[in-house]
Amino acid sequence: IVNGAIIEHDRMITVKPAEWLNSQITTVYNRDCYDEIINNLNNKTKVLICGSSGIGKSIFIQILLLHIVKKAKGVKKSIPSIIYTRLVNGVPETNYLRCDGIVHLCGSNDFTPDYRLSDDVDLSVATANILALQVSSDNIQDYKHFSNRVHEAGFRGLQYVMPILSFEELFRIHSKVISRVDAQFLYDVFGGNARSLNAIKVNYHPVINNDIIVEESMNWYFEDYFNNCDNRETWDYVKRGLSIIVNDPCDISINSIMKQLTATNKYIWASKFIEILASIIISKRNDEMSIKLKSVFINSFSSGNPIESLGHYNLTHSHANYMLRPLDSTDSPEYLKTNQLSMNFNLPIKLIREFNDIDSLSNGYYGLLTTNNSPMIDAVIQPNMLLQFKVPPYNHKGNSEKLNEIRHHLNEKDYSKHMIVFIIPYDNIYSFKYQHDLSDINQYITFDDHHSDAEITEPSGKKYKLSK
């Protein structure tokens, strides 16, 4: 970097390998969020960058080094002194990056540098003339001490949660080694984790048998990908890698692969598929991993619940007809009696990644929304049916304006024929009432009739079976 041995092109940065970096990485992707972080560093003395594993926090330090050097050269000043600490084979190693481009090992407190940078190592000494910055994983034990120092710095401190990668970012990173179809598959499995492909290859072991739950879940959820992918190797890597993960109930597996930290400092499942897979494991297994996943569902996550997640699997695997009980503003017995419907949900899955995908959803498919923040709707069945899973016994707070955005994509253009079906726990089948704020759409309720011993606990303390 000091000698200018870099090439920048369209947010891709190529550098000569250096021993203190990673000799296997010569090209890095300069994420848009890196610019945002650097622009917010002015007048800050203590900065903590945290976020999920595999989203480019360590790469950010390299981008920051490039920024520091270029800024100094631009004003013809000497390059600032920098101390950089990282883990090497699990042991902290501190490097002094000299202004002439030479790197020396040094002690963490040999002197006070202009910049003190740390990659996942809690700094025992956090003094710097200009800035002390640490990047850390989402494990609070890794950065709690430095977080306190950021808080003590007041307005000169900054804690920033790096966002997970978008699909387009993930594809840009892997575009030279995998197809767009494979990149979408990896994103649908692991979400915005740039390490997903490498992690799967590292974990791949030919003697490990596939977990039957993983295999069945993938065949169901990704049937469309399986039928259209050109490269079965990626499919096999993912299947075997997930089989290892779901049979290894350590916190690393759960934290780095199965859940992610958003920019708003909330946990979400890495993907809708991982959320559903976790629900199926809870329902079908009774072991340490299922217990840990149940705890994650109940205590840790800001979105998602096993009733909804398992419900998609149950509905589309059942050959039974479900009775759809109509909801009426007057609770008229005659209306309930004459307007009941019967529905079979044993349909093939199509993934709905954005609302425009509903336009291409054919009749006879179960359109499963993969986003975690969809307003109200969890699934779509053309030409006129919307599905929403609900856990609480209290009424659903609808948003007719948001709902109309989705209804616009239904094949049935006569809005009077649209229906929304609430799938609820059996215990709430008679307490769930007509939703007056959704009066412009026909409302029905049904319940998942599959048996399961798994439970979810509401904040009130009341427990519900996943199904009954």
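Buried here means under 20% relative accessible area, with exposed over 50% and partly exposed in between (1.4 Å probe, protein chains only). This is a predicted model, where local features need pLDDT of at least 70, side-chain atom pairs count only at pLDDT 80 or more, and totals for chains, interfaces and linings use all residues. Residues are numbered from 1 along each chain as its sequence is written, and side-chain values use heavy atoms, leaving out hydrogens and water.

**View 1. Phe 167 and Phe 171, a stacked pair.** Both of these phenylalanines are buried. Their ring centres sit 6.2 Å apart with 10° between the planes; rings of Phe, Tyr and Trp (its six-membered ring) pair if their centres lie within 6.5 Å, and planes under 30 degrees apart count as stacked, over 60 as edge-to-face and the rest as tilted. About one helical turn separates Phe 167 from Phe 171, because they are 4 residues apart in helix H4 (residues 167–174). Helices here are DSSP runs (H or I, at least four residues), numbered from the N terminus.

**View 2. Tyr 225 meets Trp 235.** With centres 6.0 Å apart and planes at 20°, this pair is stacked too. Tyr 225 comes from helix H8 (residues 223–228) and Trp 235 from helix H9 (residues 232–245). Tyr 225 has 9% relative accessibility, so it counts as buried; Trp 235, at 1%, also counts as buried.

Definitions and conventions. Helix = DSSP H or I, 4+ residues; strand = E, 2+ residues; numbered from the N terminus.
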